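Could you walk me through this structure, a piece at a time?

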Amino acid sequence: MKIINSKKKFLYLISPNKIKPNFYKDLKGVLSLNKTAFFQLRLKNTSVQNKILIGKKLKRICKSFKVKFLINDNPLIAKKIDADGCHLGQNDLNILEARKILGKKIIGITCHNSLKYAKSAIKNNADYVAFGAFYSTKTKKVKFKASMLIIKKIKKFSKIPIVAIGGINNKNYKNLLLNKVNFLAISGYIWNNKKFKPIEAIKKLI
């Protein structure tokens with residue numbers, strides 16, 4: 001699936017690790033601001049059945065705001081709930097196998113800070129490549145750090161959309177956009193912000 005990059009919709013939101021009852025209302029408010037291109041459901045410690053139930057609710061919300069809904073790690077769940085696609089890490093199912101399951105739907109690949117991983121993803125027709133962590137983050141343990149140099153290298157030979165991950169907030173996001181990152185993957189700054197509520201936090205990303 002071809003991804004259309006809009007300067008207005010530059011956010012790639014990732015869910016918190018736990019979906020609380022008030023989350024659905026918060027998500028509607030955040031998506032209504034029309035800055036979000038993607039929303040990824042990323043739940044690590046819950047059953048497949050629960051992921052499917054939550055995923056179906058979130059898919060309806062995303063669809064109503066014309067936001068692409070992706071599932072983290074699991075192409076089979078993505079197919080089960082007819083999500084718009086799936087995001088795969090380096091230790092998840094191979095992209096070629098995932099493509100057999102999802103057909104022309106969106107498949108994005110985590111490439112850490114590796115040109116080798118990115119070239120492999122591009123060769124195998126990934127729809128976007130993700131790099132990070134660019135900044136320190138509490139959302140997950142950071143095993144890899146990414147630099148702006150990797151973005152410049154990719155841009156020299158490919159037009160594939162680039163997603164930046166890791167510790168992105170209202171104080172550092174502009175630097176990534178200036179370096180021609182297409183989408184900013186954000187989670188903790190929106191959902192676990194101690195200073196701002198989700199809508200307040202996202203409004204600070206102009």
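Here is a short tour, from helix to aromatic rings to a loop. Please keep in mind that this is a predicted model.

Let's begin with helix α1, which spans residues 23-31. Its buried residues are Phe23, Tyr24, Leu27, Gly29, Val30 and Leu31. They pack against strands β1 (11-14) and β2 (36-41), and also against the helices α2 (48-64), α8 (188-191) and α9 (198-203).

Phe23 and Tyr24 belong to one aromatic cluster together with Phe39, Phe69 and Trp191. Across the structure there are nine aromatic pairs. One of them joins Phe39 and Phe69: the ring centres are 6.3 Å apart and the planes meet at 10 degrees, so this pair counts as stacked. Phe39 sits in strand β2 while Phe69 sits in strand β3 (residues 68-72), so the pair ties together parts that lie 30 residues apart in sequence. Both Phe39 and Phe69 are buried.

Now turn to helix α4, residues 95-102, where Ile95, Ala98 and Leu102 are buried. Why do these residues line one face of the helix? Looking down the axis of α4, you would find its buried residues within an arc of 55 degrees, so they line one face. The buried residues of α4 pack against α3 (75-80), β4 (85-88), β5 and α5.

Both ends of α4 deserve a look. After the helix comes Gly103, whose phi is positive, near 60 degrees.

Our next stop is the loop between β5 (106-110) and α5 (115-123), where Ser114 lies. Is Ser114 buried or exposed? Its relative accessibility is 18%, and the cut-off for buried is under 20%, so Ser114 counts as buried. The side chain of Ser114 reaches the backbone nitrogen of Lys116 at 3.3 Å. Leaving aside residues up to four places away in sequence, Ser114 touches Phe131 and Ile150.

The charged end of Lys119 sits over the ring of Phe157, at 5.6 Å from the ring centre.

How values were computed. Residues are numbered from 1 along each chain as its sequence is written. This is a predicted model: local features need pLDDT of at least 70, side-chain atom pairs count only at pLDDT 80 or more; totals for chains, interfaces and linings use all residues. Side-chain values use heavy atoms; hydrogens and water are left out. Helices (H or I, at least four residues) and strands (E, at least two) are DSSP runs, numbered from the N terminus. Buried means under 20% relative accessible area, exposed over 50%, partly exposed in between (1.4 Å probe, protein chains only). A polar contact is a pair of N or O atoms within 3.5 Å; within protein, one must be able to donate a hydrogen and the other to accept it, and residues adjacent in sequence count only if both atoms are side-chain atoms. Contact means heavy atoms within 4.5 Å. Rings of Phe, Tyr and Trp (its six-membered ring) pair if their centres lie within 6.5 Å; planes under 30 degrees apart count as stacked, over 60 as edge-to-face and the rest as tilted. A charge sits over a ring if NZ of Lys or CZ of Arg is within 6 Å of the ring centre and within 35 degrees of the ring normal. The arc is that of the directions from the helix axis to the C-beta atoms.
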